[in-house]
Amino acid sequence: MGLHDHQEYFVSWEELHRATRELARRQLPAEQWRGIIAVSRGGLVPGAIIARELNIRLVESACVRSYAHQSQAAEPELLNQLTATSDGEGFLVVDDLVDTGNTLRFLRQRLPKAKFITVYAKPEGMPLVDEYEGEVGQETWIHFPWDMHLHYVDPLAGEDR
């Protein structure tokens, strides 16, 4: 596969917020949830939005390192102890994206009773997530707003005519 054999999808803050709020709406009633486990780092912002929308105060992060040297072949590693729950019952595990599903497959072993939700999902990872808001192609590179910087772009026709 060549360097540019992929699509690119740029997600604005507004689009991320809209999609995450819609995902949160589908988790109502909020009383069924004891808490949220946000997958660090991509799930931190969506986790905070969902916590706000569902008025959930108990938010923990699962710090997972899964891309050792950009190779997905490495076994994921949990870098912290999860103390809020032993099996995930009553918890939402939130991430920004499920790609191959390696991270969520790993977390499901630790939290088998949790509900796994992501804002976006790629086909390979879809079986690993219980619910998602947006679907993107497997070869699509998603650029989240925290990875981007707004800057001026010259008009196509140039400045002075």
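## The sheet

In this predicted model, strand E5, which covers residues 91-98, pairs with strand E6, residues 115-121, in the parallel sense, and the pairing runs over 6 bridges. Within this pair, Val93 has Phe116 of E6 as its bridge partner. In general, the strands of a sheet pair through backbone hydrogen bonds, and they may do so in either a parallel or an antiparallel way.

Strands E5 and E6 belong to an open sheet of 6 strands, whose order is E4-E3-E2-E5-E6-E7 and whose pairing is mixed. At the edges of this sheet lie strand E4 (77-78) and strand E7 (131-135), each of which pairs on one side only.

## The helix on the sheet

Helix H2, made of residues 44-53, packs on the sheet and touches strand E2 (35-40), strand E3 (59-65), E5 and E6, while its direction makes about 165 degrees with that of E2.

Which residues of H2 are buried? They are Pro46, Gly47, Ile49, Ile50 and Ala51, and what covers the buried residues of H2 includes helix H1 (13-25) together with E2, E3, E5 and E6. Just after H2 comes Asn55, which takes a positive phi of about 55 degrees.

## A buried threonine in a loop

The loop between E4 and E5 contains Thr85. Why does Thr85 count as buried? Its relative accessibility is 6%, and because a residue is called buried when this value is under 20%, Thr85 falls into that class.

A polar atom of the Thr85 side chain lies 2.8 Å from the backbone nitrogen of Gly88. When neighbours within four places in sequence are left aside, Thr85 is in contact with Arg34, Ile37, Phe91, Arg110 and Leu111.

Key
Residues are numbered from 1 along each chain as its sequence is written. This is a predicted model: local features need pLDDT of at least 70, side-chain atom pairs count only at pLDDT 80 or more; totals for chains, interfaces and linings use all residues. Side-chain values use heavy atoms; hydrogens and water are left out. Two strands pair if DSSP finds at least two bridges between them. Helices (H or I, at least four residues) and strands (E, at least two) are DSSP runs, numbered from the N terminus. Contact means heavy atoms within 4.5 Å. Axes are lines fitted to C-alpha atoms, for helices over the stretch in contact, and angles run from 0 to 180 degrees between N-to-C directions. Buried means under 20% relative accessible area, exposed over 50%, partly exposed in between (1.4 Å probe, protein chains only). A polar contact is a pair of N or O atoms within 3.5 Å; within protein, one must be able to donate a hydrogen and the other to accept it, and residues adjacent in sequence count only if both atoms are side-chain atoms.
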